[in-house]
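The answers set computed values against the cut-offs behind the words.

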Amino acid sequence: MYIRAYFSSFRAHYDCQPKFNDENLCMAPKRQTPPRVALLIQGTRHYERSLLSGIADYANLHGPWQFFRNVSYLRDEDISPQALLRAWKPDALIIRESSPRHYDKILRSKLPIIYAPSTEPNPSVTNIIVDDVETGRLAARHLYENGFRNFAFCGVSDLFFWSRLRREGFCKEVEALGHKAHIFESKTGDEFLSWSASSRKLRKWLAELPGQTGLMACTDDFALLAQEACIAVNRSIPDEIALIGVGNDEAVCELAATPLSSVELNVKRAGYNAARFLDHRLKTKSNTHQTKPIKIVIEPLRVIARVSTDPAKTRDVEIAKAIRYINKQINQAIDVSDVVAATNLSRRTLYNKFQAATGEPISSFIRQRKIEHFSKLLLETNLTVAEIAYSMGYESESNISRLFKKYSGVTPLAYRRRHLVTA
């Protein structure tokens, strides 16, 4: 079920090392002087800016901290990381791997380090890593529930572990649903981004995909490139090919010719947790060489659905009408009879068509959409659980709380504490 994928715990491939959680931290003595933290993070991408925002939130609450950053687009500050560290003399580092790679000596230093890798995690330090397998599963389930039965994945070279693992999660979920995914990968990321040989191959690959294909791209940027390639070969979106990316970078997704659906990642929370973990290391005067490295895992929160996977554009008109009605009435107490009344089909015909299109009964679809909306309100508003329940047409909070815990495995308040940055 979609909700089980939506709320599932971290997958086994992250279990090789301990991960960050509240139990990793104990009471530590207060530090007498503000920590000096070097941020080797450019901040040019949505992912990086979200990390920095989470770090700033922690420092504002628990600081003061003194940060050092390189303004890389100023020529005078285009200096090697080693030279910057000699000038800054930081107590700790938070690093985003970038190109060209020149962090090997820094990663072997005795300073406490948190590392956000691009190619491969570094086992000698604490890493910030997305739950990429679950991200792929979530995208596959979203496409399946929107009626697609042909699937494709567009990634980059296996040099990039996150693309490899997103493909793995996507393909495993597609196989579990009884289907097989078409795969496209460039030989190198740079070649793909240059729109040279790989872009021509991509257009040819897209032109040969069957109609009604749901395609996951490894990032929002690559979803945009895939969309432009679809336009070049006259494949309409989403009627022929539906697109979903990763990261929910609104500057990319909202400005696309067809707004792009995307898997939202809780990156800001990871930045907050990274700063909290580093603060603990500094207060206890321990570092990554004295303490076993952990993985700070970024959870996929949910799919932000936009036109590029809109079921109303890809389904039987009556099924689309039923789904639009459910989405519009998400704050009302509706049942299957209400949905039937909103269409021109008999109850049995609608039931059969709806399950064939979405893979689930109408009643289950309603419950899942309500839980998704409920969880969204938990994270995006300050309303109490009771206030959210009443706003969605429930007579008491107990009913929705029981349902929420059944699907998510945690109470609404526990879910809110787990995912909110300052929880």
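The questions and answers below concern a predicted model, beginning with a sheet and going on to pairs of helices.

Q: What makes β7 and β12 the edge strands of the open sheet of six strands?
A: The strands follow the order β7-β6-β8-β9-β10-β12, with mixed pairing. The strands β7 (181-185) and β12 (300-304) are the edges because each pairs on one side only, where a pair requires at least two bridges between two strands. Between neighbouring strands of this sheet the turn is 20° on average, with direction ignored.

Q: How do you know that strand β8 pairs with strand β9?
A: Two strands count as paired if at least two bridges are found between them, and four bridges join β8 (residues 213-217) to β9 (residues 241-246), the two strands running parallel.

Q: Which strands does helix α6 touch, and how is the helix directed relative to β6?
A: Helix α6 (residues 161-176) packs on the sheet and touches β6 (150-155), β7, β8, β9 and β10 (261-265).

Q: Why are helices α15 and α18 called oblique to each other?
A: Helix α15 (residues 362-380) and helix α18 (residues 412-419) pack at about 55°, with their axes 9 Å apart. Roughly parallel requires an angle under 35 degrees and roughly perpendicular one from 65 to 115, so the two helices are oblique. The contact involves Phe374, Ser375, Leu377, Leu378 and Leu379 of α15, together with Pro412, Tyr415, Arg416 and His419 of α18, and these residues divide into six nonpolar, two polar and one charged. The crossing of α15 past α18 is right-handed.

Q: Why is α12 described as roughly perpendicular to α14?
A: The axes of helix α12 (residues 317-328) and helix α14 (residues 347-358) cross at roughly 85° and come within 10 Å. Because the perpendicular class runs from 65 to 115 degrees, α12 is roughly perpendicular to α14. Ile319, Ala322, Ile323 and Ile326 of α12 meet Leu350, Lys353, Phe354, Ala357 and Thr358 of α14, a contact with seven nonpolar residues, one polar and one charged.

Definitions and conventions:
Residues numbered from 1 in each chain as written. Predicted model: local features only at pLDDT ≥ 70, side-chain atom pairs only at ≥ 80, totals over all residues. Heavy atoms only, no water. Axes fitted to C-alpha atoms, helices over the stretch in contact; angles between N-to-C directions. Contact = heavy atoms within 4.5 Å. Parallel < 35°, antiparallel > 145°, perpendicular 65-115°, else oblique. Left-handed = near helix turned anticlockwise from the far one by under 90°. Nonpolar A, V, L, I, M, F, W, Y, C, P; charged D, E, K, R; others polar.
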